[in-house]
Amino acid sequence: MNKQVRHLATVVAVMFLALMVSATSVQFFQASDLNNDGRNVRRIYREFGRDRGPIVVAGEAIASSAPVDDVFGFQRSYAQGPLYAHATGYFSTAFNAITGLESTENEVLNGTSGSLLLQRIQTLVTGNQPQGGAVELTLDPAAQQAAAAALGDQRGAVVALDPRTGAILALVSTPSFDPNALATHSREDAQAAVDAYQADPGEPMTNRALAGDQYAPGSSFKLLTAAAALESGRYTADSMVPAPTEMQLPQSTQILNNPGNLPCGDGSGQVTFTQALRQSCNTPFASLAMELGDDAMREQAAAFGFGEELAVPLTVTPSRFPATESRAELAMAAIGQASVRVTPMQMAMVAAAIANDGVQMRPYLVARELTADLEVVSTTEAEELREPISASTAEQLTQMMREVVATGTGRNAQIPGATVAGKTGTAEIGQGVAPHAWFVGFAGTGDEPEVAVAVVVENGGREGEGASGGTTAAPIARDVMAAVLGP
C-alpha cells in the first residue's frame, strides 16, 4: 500500500470514528434532552396525544379525554369548566402548556407515574392502548357551587377546609375562565381566548384563592392578635382590655378610631376581650399589639404559617407579616392593615387551626390516585402541619368567635341548627377605594366543627364603598358552610 492510500485510509477511519462518536452522543447522552425539547414535534405529539386519565370530583369526571380524528388523537375537555378551572388548570396543545392540577398530577394523568408501573406492564402484555390514571379530588361539589353562586360576578375567592383533616372542600376564584377554550386544538381559537382573558380587567386567570395578588386582611387578622395575647398568658377571654373610642398612635399624627367612629362597649374605656372581638373594636387590638411587641406578633403569625412555602399541590403564595418600623405601624398591622398581606388559603388555615383545638392540618386537594380501571394506587393521609396555639387558647378563641356570630358583627353567618364561629373584616385600601370584605370562621352541627372557611370580596363587590365583612362576606360564608353541613 502506497503512502497516499494509507493516508486516505486513515482519514476514512477517523471519519467513521467521528461519526460513531457523534451518533452515540446523540442517541445516548443527548437523547433525553432532545426528546424533551419543547421544539421536538414528536415529543409534543407523544405528550399531548396520550389518552389522559380523568380528574374526578364526587364520582364525576370534571376533566376527561375523548378520541378525535387529528394528529393528537385525543381532545381534553372540562365539564363545568369555569367552576373548577382554578383547580384543574388546562391542558393546551395550542400553546404546548399544562397548568394547575393538569401539571402537578401530570405523571399520573398521562400514565407515566411510578405508581402505575403495573398498569403499564399489563398494557404491554395485552397490547392495549396506553391510558393515564385518574385523580380524585377532595372538593365538595355542593360547596364549590355554593361558593361560585354566592360570589357571582364579584371579584373574590373562597376556600373551605375540613379542619380535622386539611381536605380542601371548596376552592373558588372569581371571575373564572373556561379551560375548554384553551384546550382546543385550534391555535387561532385558543389564542383568541387567551388574548381576551389577558385583556379582561377582572384577571380571570388569576387564582385569587391561592396565588394571586395578596390582600390586606382587615379585622379578620384580629384573630392572630387575640391568639398572641392569649398565648402570652397575660389575658383570657374575660380579661378587661383598654378600649378608648379613639387613640392617637405614638410618634404619629394619625388618629385610630373604632369602626363607624363608635365607642367600644359602653364607652367607659374598658371592655372584656370577648366584647372587643364581638364588636371588632380597633383600639383594644392596637393597644394589645403595642404591649406585646413586634417580635411576639411576628412569631404568632409565623406559628400559623406566615412566610412558609406550601403546595396543596398547587403552589400557595406565602402570606406575610413583615417587621414593623414603629409602634404606630405595629398598631395598624395588628388590625390587619399596614403591610400585612394574606391569601384566603392562609386565613382558612387560621380558622381551621382554631377549630381543631390549635392543631393545623396540611391542606390537600388530591384525595386519591387511581389506575385507568379506577383501582386505588395511593390515598392522601391527613398530616399535622404545626400547632400554632394551645388547645386552651383555641377553646377561648372559639367561644369569642361564637359570640361574634351570635350577637356581633358576624350575625349574617348564622346557620339554623349549626354552631357557627367567625370573624369579619373590612380592609381599607386607600382614600376613595372600596374596602375588601372578609369573613373567616367555621361551623358544625355536632361536637366538632366540620368546615372552616375564608371569604374575600374585592373592593366591596356589588356594595362598593358601603361594603363590610358582616354584610358582604358573611352571607357567602354562610352559604358555603351550610352546603357542606347539608340539610
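Q: At what angle do α11 and α14 pack?
A: The angle between α11 (residues 222–231) and α14 (residues 294–303) is about 110°, and their axes are 9 Å apart. That makes the two helices, α11 and α14, roughly perpendicular, because angles of 65 to 115 degrees count as such, with under 35 roughly parallel, over 145 roughly antiparallel and the rest oblique. Axes are lines fitted to C-alpha atoms, for helices over the stretch in contact, and angles run from 0 to 180 degrees between N-to-C directions.

Q: What sort of model is this, and how are residues numbered?
A: This is a predicted model, where local features need pLDDT of at least 70 and side-chain atom pairs count only at pLDDT 80 or more, while totals for chains, interfaces and linings use all residues. Residues are numbered from 1 along each chain as its sequence is written, and side-chain values use heavy atoms, leaving out hydrogens and water.

Q: Changing topic, which peptide bond at proline 175 is cis?
A: The bond from threonine 174 to proline 175 is cis, with omega near 0°. Proline 175 sits in the loop between β8 (168–174) and α9 (179–183).

Q: And what is omega for the cis bond between valine 312 and proline 313?
A: Omega is about 10° for that bond between valine 312 and proline 313. Proline 313 belongs to the loop between β13 (310–311) and β14 (315–316).

Q: What is the phi of asparagine 96?
A: Asparagine 96 has a positive phi of about 55°, although it is not a glycine. Its place is in the loop between β4 (91–92) and β5 (97–98). With a relative accessible area of 28%, asparagine 96 is partly exposed; buried means under 20%, exposed over 50%, and partly exposed in between (1.4 Å probe, protein chains only).

Q: Is glutamine 251 buried or exposed?
A: Glutamine 251 counts as exposed, at 82% relative accessibility. Glutamine 251 is not a glycine either, yet has a positive phi of about 50°. The loop that holds glutamine 251 lies between β10 (246–248) and β11 (255–257).

Note on methods:
Helix = DSSP H or I, 4+ residues; strand = E, 2+ residues; numbered from the N terminus.
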